[in-house]
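Here is a brief report on one helix and some charged pairs. Have the structure open as you read.

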Amino acid sequence: MPEVPATPLRLVLVDDHEMVLHGLDAMLGHFPDRVRIVGQATTETAALRTVAEQRPDIVLCDVRLGRASGLDLCRQLTTQYPGTKVVLLTVYDDEHYLYQALRVGAAGYILKRVDGRELVAQLVRVSEGETVVDAALAGRVALAAARLDAGQFWSGAHLGLTQRESEVLGLLVSGHSNRAVAGKLVVSEDTVKTHVRGLYRKLGVSDRSAAIAVALREGLFR
């Protein structure tokens with residue numbers, strides 16, 4: 001386990017479920033020499049206010065905050081308070097969310113199956129300047145990086161699709177609606193529609209069924 005910090009890390013917890021906040025409070029309370037909870041919030045607005053007041057070392061935040069996005073909150077916090085690290089603690093075992101988290105400046109992406117001792121160890125590593133990622137997710141990302149190094153870019157790259165358009169198309173092939181795709185990628189439904197129009201144009205099709213047919217014919221997703 002990393003060395004004990006000279007002073008406990010000051011944490012703000014953000015989750016839209018009070019039960020989760022209480023559980024984290026109890027779990028982290030076993031490590032008073034390493035971490036100290038200085039604030040809690042269940043909404044994006046309350047989180048911004050609490051961080052402004054407390055200026056914590058780390059904000060531990062869920063990816064989803066009811067109708068709001070923890071990723072949007074992460075972007076705001078890392079922009080406004082560069083001295084504060086943001087770590088996403090979530091149930092979403094999904095590379096799409098991980099990529100989004102890293103894009104908006106998260107210093108960590110940890111799944112809620114973590115135990116207290118390991119969570120504290122990860123937070124200490126973050127405080128020391130590391131970026132921490134759940135081990136299973138990190139393994140899958142490493143395999144994806146290896147494929148990129150081998151020239152096997154994302155599915156549909158040879159057809160001119162951007163990586164995000166490929167992600168959207170893959171979800172359409174899996175049967176997701178535009179709304180479900182938006183939820184999966186943590187973007188607005190209008191953004192999804194823009195990507196869908198773009199991939200339609202590049203695939204030379206005019207509707208979802210035809211786009212899926214091209215994807216299957218080209219063997220883009222297995």
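The model is predicted.

**Helix α9**

Helix α9 runs over residues 189-203. Its 15 residues should span 21 Å at 1.5 Å a residue. The end C-alpha atoms are 21 Å apart, so the length agrees. Among the buried residues of α9 are Val192, His195, Leu199 and Leu203. The buried residues of α9 pack against α7 (163-173), α8 (178-185) and α10 (208-217). Gly204 follows α9, and its phi is positive, near 70 degrees.

**Salt bridges**

Side chains of opposite charge can pair when their charged atoms come close. The whole structure holds 9 salt bridges. The table shows some of them.

| Pair | Closest N to O distance |
|---|---|
| Lys112 and Asp62 | 3.2 Å |
| Arg75 and Asp72 | 3.0 Å |

Glu165 is buried at 7%.

Lys112 and Asp62 both lie in loops. The loop of Lys112 is between β7 and α5, that of Asp62 between β3 and β4, so the pair ties together parts 50 residues apart in sequence. Lys112 is partly exposed, with 28% relative accessibility. Asp62 counts as buried, at 8%. Asp15 joins Asp62 and Lys112 in a network of salt bridges.

Arg75 and Asp72 both sit in helix α3, 3 residues apart, about one turn of the helix. Arg75 is partly exposed at 41%, and Asp72 is partly exposed at 36%.

Terms used:
Residues are numbered from 1 along each chain as its sequence is written. This is a predicted model: local features need pLDDT of at least 70, side-chain atom pairs count only at pLDDT 80 or more; totals for chains, interfaces and linings use all residues. Side-chain values use heavy atoms; hydrogens and water are left out. Helices (H or I, at least four residues) and strands (E, at least two) are DSSP runs, numbered from the N terminus. The expected span of a helix is 1.5 Å times one less than its number of residues. Buried means under 20% relative accessible area, exposed over 50%, partly exposed in between (1.4 Å probe, protein chains only). Contact means heavy atoms within 4.5 Å. A salt bridge is a side-chain nitrogen of Lys or Arg within 4 Å of a carboxyl oxygen of Asp or Glu.
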